[in-house]
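Dear colleague,

I am handing over the structure below, and my notes on what was found in it follow directly after.

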Amino acid sequence: MRKFFLPTFVALMALNANAENSTKNINWPDGTSHEVTPVITMKVTVDGETERTFNFGSYKESEYYAVDFGDGELVLTEMVGLTTSTATTVAATGIAKGDGIIKVYAENADDVWYFSTSTGMSTTSPIESIDLSLLKKAHQMSIGGAAVEYIDLSACDSLRNFTAAKGALTTMDFSKNLKLTSVNLTDNKLTSINVTNNAMLDQLTIYNNELEALDLSPNPALTGLYANGNKLTSVKFAEGGVFKTINLNDNALEAIALPEISGSSSMLYLNNNQLTELVVPSAVGTFEAAGNKIAKISLVDCTKSCKLENNCLTIATLPKKPEGLNSANKIKKFTYAPQAPMAVEVAADGTLDLSAQLKAVGELEEGEATTTFAFVNAEGTPLTEGTDYTIENGVATFKSSFTGIHAVMTSEAFPKAIDDLAFVTAAFDVTAATAIKVAKNDVKSNSAYNLNGVKTASTEKGIIIRDGKKIYNK
């Protein structure tokens, strides 16, 4: 890239400033004289060190652009133009000076098909204001480091691709940009975005913002949504839409009606939300929904990976390993452990029914596996089957009373859920029921029994059973 500075290349440029419209005459390197006017104006913070780069693309076969970085001097780009049907781009780089008002000069704003500006990683020279209203024919724009809350694009009705990442935008309105196909507003402070009239929109990238709701029902052509890292509680999709990628990680969704997601390389990311139920209506390549509260899920198929750990699924409610993952290919993964402790309720007779967790297919290619049950007390000591409890067909009967115990369930159907990752219940208390056989004549004679089923005096202190009822004697 060649830079032509006014003091050095006086022969190349002859400037004739117009006080009213800032029109200038510039001699191009080929010796021809051209009248140019500002087509883009912006104000930036002057820090004396940050280099700002401008890139341009032109519809014309031969074009130059010039940038005034605030000191009246012009930086001239190399020639840019069309090569057959492909447009080339060129750059101009400089440091903001003076009052920080930067002007981009061209013969005709309608010749600009592409414009971008950036400062690399610098945050000390942000854009304080920007006027793009003359770029009515531009197809593509990229604005980096905009410290403004809003950029007006209402005049840019030819715009197809727009990027304004790492800025301070709080709202954007694309209702006048009917040809728009791609938007990237990553790392801003968006609380609202209007894409109501953008029926051609294909890619929407808005991650790391502050959006709480997103209505995409007017966007049937959308195939890529990247909205992770917002505060979304509601997302609506267009009827009949088919996506390749949806990323809604790290939001606050409690429910969502998903569209079709198609293709072996398709991706669906729903990690770290508040989802309790989920229906995935079509097969997907990569599916992740870890870190939710999912207790019920319907999943057609996955072909690359499926992540469901850190939810509220159980041996009974975890889906069978998707058919698309049944391969020796190590890249294909099915992860589901651990899950949150399962809430249980002990019956009045002191039994705990876990029979729903008794059988599962899980990762087995054929048949079902039978679950193994064990119980652990509050101190972490295993209870002894036969002495402390019995279990038959998934129903546990306790022979003694316990406080704060929990069940541990393992199954060959889910081989990853073992040791510290095993399925467990929440802690529960149990009061052992005692089988007391009371003779009819004993009942009539007001006989009493203690909790061990031993006949005793009706006046014995503590809890006794008399006439089939529990009585507490002080």
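D187 counts as partly exposed because its relative accessibility is 26%, where partly exposed lies between buried, under 20% relative accessible area, and exposed, over 50% (1.4 Å probe, protein chains only). This is a predicted model, in which local features need pLDDT of at least 70 and side-chain atom pairs count only at pLDDT 80 or more, while totals for chains, interfaces and linings use all residues. Residues are numbered from 1 along each chain as its sequence is written, and side-chain values use heavy atoms, with hydrogens and water left out.

Backbone: D187 is a residue other than glycine with a positive phi, near 60°, and sits in the loop between β15 (182–184) and β16 (192–194), strands being DSSP runs of E of at least two residues, numbered from the N terminus. N208, which is not a glycine, also has a positive phi, of about 60°; this residue lies in the loop between β17 (203–205) and β18 (213–216) and, at 34% relative accessibility, counts as partly exposed. The peptide bond from A337 to P338 is cis, with omega near 5°, and P338 belongs to the loop between β29 (333–335) and β30 (351–353).

Best regards

Conventions. Helix = DSSP H or I, 4+ residues; strand = E, 2+ residues; numbered from the N terminus.
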